Amino acid sequence: MALTKVIGAGVGQLTSSDSDFVIQVVSNASDTVTNVTNGATTNIISQAITPKATSSKILIRAALTIGTDSNSYGYCKLLKGSSAIGVSTQASGSQINASFQVMGLNWTYSNYRAYPHIFEFLDSPSTTSATTYNISMSCTSGDLYLNRSANLVTDNVWTPATVSTLTLMEIAG
């Protein structure tokens, strides 16, 4: 099936010289529950992609549901293979350069909640080899849970089972 694009008032065919269109999309939708304890770091979700061209960019989109103990803290990093990408470079002192922070609220029933965490990053891998992206979660206080709340109660609607996704889109460059 040929791809089409809108050109002014008309429609044309995409050619190999066009850029900024989606070439392929791959995604991992995971409902696996992962517990990351205080002081631990764990890869919580991953997805591989094989770019079609070295000029392509990869748009990484993570939508994670994370529950925490009361007053728990941590952070996530985007990894390409085992190397961190899409992290801040501004940390000083004992701060951590991370992609985004994870924290729980210290209020009544917060242990029965899981919170959405959304993150995007545009990578330029410059390869046509298979490339794996991971989200790594580190816990610095309490416990963190992917795809569930800290208090898991299976006989009510307070603690739903959830899914997290890691989606990779190859964009023509």
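Trainee: Why is Ile96 called partly exposed?
Mentor: This is a predicted model, and the label rests on a computed value. Ile96 has a relative accessibility of 44%. Buried needs under 20% and exposed needs over 50%, so a value in between is called partly exposed. That is why Ile96 counts as partly exposed.

Trainee: Where does Ile96 lie, and what does it touch?
Mentor: Ile96 sits in the loop between strand 8 (83-85) and strand 9. Leaving aside neighbours within four places in sequence, Ile96 is in contact with Tyr75, Lys77 and Ala91. Its C-alpha atom is separated by 9.9 Å from that of Gly74, 22 residues apart along the chain.

Trainee: What makes Arg61 and Glu120 a salt bridge?
Mentor: The general idea is that side chains of opposite charge can pair when their charged atoms come close. The cut-off is 4 Å between a side-chain nitrogen of Lys or Arg and a carboxyl oxygen of Asp or Glu. For Arg61 and Glu120, the closest N and O atoms are 2.5 Å apart, so the pair meets the cut-off of 4 Å. Arg61 lies in strand 6 and Glu120 in strand 10, so parts 59 residues apart in sequence are tied together.

Trainee: How many salt bridges does the structure hold?
Mentor: There are 2. Lys80 forms a salt bridge with Asp123, where the closest N and O atoms are 3.1 Å apart. With Lys80 in strand 7 and Asp123 in strand 10, this pair ties together parts that are 43 residues apart in sequence.

Trainee: Are Lys80 and Asp123 buried or partly exposed?
Mentor: Lys80 has a relative accessibility of 24%, so Lys80 counts as partly exposed. Asp123 has a relative accessible area of 7%, and buried means under 20%, so Asp123 is called buried. As for the other pair, Arg61 is partly exposed at 39%, and Glu120 is partly exposed at 43%.

Trainee: Why is the aromatic pair of Phe100 and Phe119 called tilted?
Mentor: The angle between the planes is 35°. Stacked needs under 30 degrees and edge-to-face needs over 60, so the rest are tilted. The centres are 5.6 Å apart, and rings pair if their centres lie within 6.5 Å. A search of the whole structure finds 1 aromatic pair. Phe100 belongs to strand 9 and Phe119 to strand 10, 19 residues apart. Both Phe100 and Phe119 are buried.

Trainee: What makes the phi of Asn71 worth a remark?
Mentor: As a general rule, most residues other than glycine have a negative phi. Asn71 is not a glycine, and yet its phi is positive, about 60°. Asn71 is found in the loop between strand 6 and strand 7. With a relative accessible area of 34%, Asn71 is partly exposed.

Trainee: What is the phi of Asn147, and is Asn147 buried or exposed?
Mentor: Phi of Asn147 is near 70°, a positive value in a residue other than glycine. Asn147 has a relative accessible area of 2%, and the limit for buried is under 20%, so Asn147 is buried. Its place is the loop between strand 12 and strand 13.

Trainee: Which residues touch the most other members of the largest nonpolar core?
Mentor: That core has 23 residues, and the ones touching the most other members are Ile44, Leu64, Cys76, Tyr133, Ile135 and Met137. Strand 6 gives the largest share of this core, 5 residues. Ile135 touches residues including Ile44, Leu64, Cys76 and Leu166.

Trainee: Which residues make the nonpolar surface patch?
Mentor: Met103, Leu105, Trp107 and Tyr109 make the patch, which covers about 410 Å². Patch residues need over 30% relative accessible area. Leu105, at 36% relative accessibility, counts as partly exposed, so Leu105 passes that cut-off. Leu105 lies in the loop between strand 9 and strand 10 (114-123).

Trainee: How many helices and strands does the protein chain have?
Mentor: The protein chain has 0 helices and 13 strands. Of its 173 residues, 39% count as buried.

Conventions: Residues are numbered from 1 along each chain as its sequence is written. This is a predicted model: local features need pLDDT of at least 70, side-chain atom pairs count only at pLDDT 80 or more; totals for chains, interfaces and linings use all residues. Side-chain values use heavy atoms; hydrogens and water are left out. A nonpolar core is a set of buried Ala, Val, Leu, Ile, Met, Phe, Trp, Tyr and Cys residues joined through side-chain atoms within 4.5 Å. Buried means under 20% relative accessible area, exposed over 50%, partly exposed in between (1.4 Å probe, protein chains only). Helices (H or I, at least four residues) and strands (E, at least two) are DSSP runs, numbered from the N terminus. Contact means heavy atoms within 4.5 Å. Patches are made of residues with over 30% relative accessible area and no salt bridge: like charges are joined within 9 Å, nonpolar side chains (Val, Leu, Ile, Met, Phe, Trp, Tyr) within 5 Å. Accessible areas come from the Shrake-Rupley method with a 1.4 Å probe; for residues, only the protein chains shown count as cover. Rings of Phe, Tyr and Trp (its six-membered ring) pair if their centres lie within 6.5 Å; planes under 30 degrees apart count as stacked, over 60 as edge-to-face and the rest as tilted.
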